[in-house]
Structure formats: structure tokens, C-alpha cells
Amino acid sequence: MQSKYRQEIFPELTQPILQPAKMTRQEIEAYIWGLLGVMGFSLTLPATKFALPLFGVVGVGIGRAVIAGVLSLCLLGVTKSKFPTHRQILRLILVAVGVVFGFPLFSAYGMQYLPASHGAILIGLLPLATALFATILAKEKPSLRFWLAGAIGSSTIAIYSVMMGGGTLHLADLSLLMAALSASIGYAEGTRLAKEMGSWRVICYALVLSLPISIALFSLLSDRPSDYSSLSAWLGFLYLSFFSMFLAFFAWYRGLEMGGIAKIGQLQLLQPFMTIFASSFLFSEKLSVEMFLVLSIVLGSVYFGRRANVIRS
């Protein structure tokens, strides 16, 4: 009787831990799309670091949304996409608050004071926050094994971040935590909308609806570049506009829609390390043995999280 109860309530606990997990074609495609999205996001913090000296926090945080918003308006016009309903518009506003305004502004502020590699580690808390909002907004039900895997990976990242900060969290650290929280809300609600509107239309409409505010904030509050010859700053800004704020979301929302917000969201545990290696190359930031130890633990948590059950509504 007790064994039957365990099997019904925690079915993942009755399965051998090392039993190979077969993946369906849809799951494989979902992970591919998700990985493409993570790869696109992985250079966001280094690109922000490059662009900040020329454009400032608001210019980097909001300017990318202006460029991506204009691109989105053109794409929606060419494809003659159906305008969202009133209810969908209200939900798109929540997406915009999270990924168009919240994450860009909070991350840009944090990158003024922290190395890109440090910021990447803190952003590693995103998957657990995304799973939390998948539970609240999308009514997904991750299993106990999933939460354990996510908690191990995220807590490892959090402990390492505190160690890098000398035992304390600073205002810039808190800003990046807010960035992760903002993005996770936008991911969860955006994925719900992707089932109704299509993955790429969600970010496009969120950007278009944000354009009046984006243009106003950019015009009034952004720094005016004094030196237009900084190639690295312009490349960073263009990367943020075309990839971080636009194309990467096409793949990311598609992956989340196909494979589930909580499960595919765990792929972002890999993003900090893609960012760290890129930062090492671009800014000569040092790699440490501790980073690789954290990477090993996180990779293990991604593996076990992938194998865990997640009930989708």
C-alpha cells in the first residue's frame, strides 16, 4: 500500500536514477530551439559591457527595444499578422514589463559595477525563477526530482556569487537578481501566449506595444554619444538590438512552448558558462578552478532536471 502511494504521488522516486531517458522528436526539437535561444542570450552581458561607456544605462537598456521594436513593426506588417485581442494585450504588457524594460534596465545597471563573468553567475538563478512562475502562471507541476535538481544548481550558483562578492551581496548584485526575476515573468507569460499567437509574434507585439514608452524614455533619458567612432560599443549595441532583444526570443519562446517552461528553462543554467568563456576571451577575465567545479555541478543538475517529470496544463 505504501509503495503504491509513493508511486502515485512521487512517480519519479520509483524510477532508477540512472535509467536512460528516451526523448521524443518534439523534445529534441524543443531542446534545440531552447539551446539556440540560450546561445543568443549568452553574449548579452558582454555586449552590454561594451555598449555602456557610449550609451549609458538607459541608452543600452531601452535603446535596444527601440531598434527591435521598429524591426518587429516591419515584420508584423509584412506578414499581415492579426492584431492581439484586448485580453492578449494586457498579458503582453506583463511580458514587456519583464523582458523589454525590467531585464534590460536592471542588467545594464548591474554591468556598470560588476565583471560580466560575475553577472553571468547571478543570472544563473533565472531557471529556478522561471520554473516558479511556470507553476504560478502556466500551472505546470514540476516533480520533486525537478525541484531538487533546480535547487542544487541554483544554490550552487548563488553560493559561488556570494563568494565572488567577498561574502556579501551588493546593490549591483541585487539589480541582477531583479533582472533575473523580471525575465522569468516575461518568459512564463510569453510562453503561454506563444500557444495562442506563435512564438515570434509574442516578442514582436510586446516590443511594438512598448514603442511609445521606449522612444520617449530613450529620447529623454539616454546619454548622447560623444564619440561615434567606438566600434566595440556599436557592435555591442547592435548585438543587443538584433539578437538579445529580437532573434533569440524567436527560438527561446519556441523551445519553451514545445518542451515546457520549467524543463526547457533549465537550459539557462548553461548560459552563465557560455557568458564566462566569452568574457574571458573578450575582456581577459580570469577563469578559475572554482568556476569549472560549479559548471560540473550545474551540468549534473541540468541532466537530472531533464529526466524529471513535469506535468503541463
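Where is the kink in α3 centred, and about how many degrees is it? I opened the notebook with that. This is a predicted model, and every entry below is read from it.

**Entry: helix α3**

I found the kink centred on F55, at about 115 degrees. I then looked up the span of α3. Its end C-alpha atoms are only 28 Å apart, whereas a straight helix of 35 residues would span 51 Å.

Next I looked just past the helix. K80 follows α3 and has a positive phi. The value is about 50 degrees, although K80 is not a glycine. I noted it because most residues other than glycine have a negative phi. K80 sits in the loop between α3 (44-78) and α4 (86-111). Is K80 buried or exposed? I have it as exposed, because its relative accessibility is 74%.

**Entry: aromatic pairs**

How many aromatic pairs does the structure hold? I have 15. One of them joins W234 and F237 edge-to-face, with 6.3 Å centre to centre and 90 degrees between the planes. W234 and F237 are 3 residues apart in helix α10 (residues 231-259), so about one helical turn separates them. An α-helix has 3.6 residues a turn, so residues three or four places apart point the same way.

W234 is partly exposed, because its relative accessibility is 26%. F237 is buried, because its relative accessible area is 5%, under the 20% cut-off.

I then turned to F249 and Y253. Their ring centres are 5.6 Å apart and their planes stand at 35 degrees, so I logged the pair as tilted. Both residues lie in helix α10, 4 residues apart, about one turn of the helix. F249 is buried at 4% relative accessibility. Y253 is buried at 0%.

Which residues do ring pairs link into a cluster with F249 and Y253? I listed F41, Y187 and W252.

**Entry: cavities**

I searched the whole structure for cavities of 30 Å³ or more and got 2.

**Entry: contacts across the sequence**

I stayed with α13 for the next item. E290 lies in this helix, which covers residues 289-307. It is partly exposed, with a relative accessible area of 41%. How far apart are E290 and Y160 in sequence and in space? I have 130 residues in sequence and 8.3 Å in space, C-alpha to C-alpha.

I looked up a second such pair. A149 and I297 are 148 residues apart in sequence, and their C-alpha atoms are 9.8 Å apart in space. A149 lies in helix α7 (residues 144-164). I marked A149 as buried, because its relative accessibility is 5%.

**Entry: helix α5**

Last, I checked α5 (residues 116-123). How many of its 8 residues are buried? I got 8 of the 8, so the helix is largely enclosed by the rest of the structure. The buried residues are A116, S117, H118, G119, A120, I121, L122 and I123.

How values were computed
Residues numbered from 1 in each chain as written. Predicted model: local features only at pLDDT ≥ 70, side-chain atom pairs only at ≥ 80, totals over all residues. Heavy atoms only, no water. Phe/Tyr/Trp six-rings, centres within 6.5 Å; stacked < 30°, edge-to-face > 60°. Helix = DSSP H or I, 4+ residues; strand = E, 2+ residues; numbered from the N terminus. Buried < 20%, exposed > 50% of the residue type's maximum accessible area, 1.4 Å probe, protein only. Expected span 1.5 Å × (residues − 1). Bend = angle between axes of the 7 residues up to and from the residue. 1 Å grid on protein atoms, 1.4 Å probe; cavity = no way out; pocket = protein on both sides within 12 Å on 5 of 7 lines; lining within 4 Å. Points joined across faces, edges and corners; volume = space filled by probe spheres on them.
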